[in-house]
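Welcome! Have a look at the protein below, and then we will walk through it together.

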Amino acid sequence: MPGARSRRRQEANYWPGFVDALSSLLLVIIFMLSLFMLTQFFLGQELQGRDTALSRLNSQIAELTDLLQLERANSDDLTSQLASLTATLAGAEAENDELAGQLAGIGAGLGDRDATISGLESQLLAAENLSDEANAQVALLNQQLAALRTQISALETALEASESRDTESRTQIADLGRRLNLALAQRVQDLSRYRSDFFGRLRQILENRADVRVVGDRFVFQSEVLFNPGQAEITDEGLPGLDALADAILQLEEEIPDDINWVLRIDGHTDVRPISNARFPSNWELSAARAISVAQYLVSRGVAPARLVAAGFGEFAPLDPADTEEAYRRNRRIEFKLTEG
């Protein structure tokens, strides 16, 4: 038993040493890590400083490169200027040599100055002869210019005379137009007067007929007075009214001068109701046929055909737009109007 206890004490004494060793090793590792981190920190600071310095050096290098390019450009300009000055100097030297040669030639040619003077005198004489010819040509040109100015003056005079005649012609044309308008107005007044006389006679002739009335500047015959429904042949009851109208027209033809152009317009009208007649497919054709029948009857009574105009309006120009029997009766009519031809 004592031996067993002694062995246990001896085994128990190793563990604290192991723990101490392990703690020491851990401290050493922590110390090494701290040292490594410090080293990394200082190394990073050093590298950052080196990067900053490197950037500054690169900027300086770029500036030096720009300066070098400027210096090279200046050097090229100076080289060009130097080449230009060299060429100018060479030209000046060549000109100097040429002047020296001319001077030498002048010095050598003093003996021939009399011949030179003689030649110059001959040239001067020839120039004087040419000057005389030029003066003669100038004098001739002046004469031609004077003649041309005379022609231009004559043309201007003729132009002024033409403009004056044109103004007179325009005045005459305006006066003729005014006279023509006055004459036309007089003809219109004359025709109006004859129209008044014509309507006055018709009023006297037809004043007792209720189926004939005056509407504005027209005499209106109801269609029932002259035609049967749907027909274009004049009835016997309508002939007396047309005979009186023909007599009035014949008297009018004798009274109106030949230089007044006039016609009697005959207008046929119907109501809006469609026609049921195989002979006349539409009211338009019926109204035109009735107007033509009246014109033909007046021609048979001696009225000149050139003084008559027949027109059909169908139902398209009603006097009364109402939809009543009275309106239909008023719209079925034959109108007579004295107007200009």
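## The whole chain

The protein chain has an accessible surface of about 24,300 Å², and carbon and sulfur atoms account for 59% of that. Such areas come from the Shrake-Rupley method with a 1.4 Å probe, and for residues only the protein chains shown count as cover. Please keep in mind that this is a predicted model, where local features need pLDDT of at least 70, side-chain atom pairs count only at pLDDT 80 or more, and totals for chains, interfaces and linings use all residues. Residues are numbered from 1 along each chain as its sequence is written, and side-chain values use heavy atoms, leaving out hydrogens and water.

Of the 341 residues in the protein chain, 20% are buried (under 20% relative accessible area; exposed is over 50%, and partly exposed lies in between, with a 1.4 Å probe and protein chains only).

## Helices and strands

You can find 7 helices and 5 strands in the protein chain. Helices (H or I, at least four residues) and strands (E, at least two) are DSSP runs, numbered from the N terminus.

## Strand partners

Strand β5 (residues 333-340) runs antiparallel to strand β2 (residues 218-222), joined by 4 bridges; here F221 stands opposite I334. Strand β5 also pairs with strand β3 (residues 262-269) in the antiparallel sense, over 8 bridges, and E340 is the bridge partner of W262. Two strands pair if DSSP finds at least two bridges between them.

## A look at W15

Is W15 buried or exposed? W15, found in helix α2 (residues 14-108), is exposed, with a relative accessible area of 56%.
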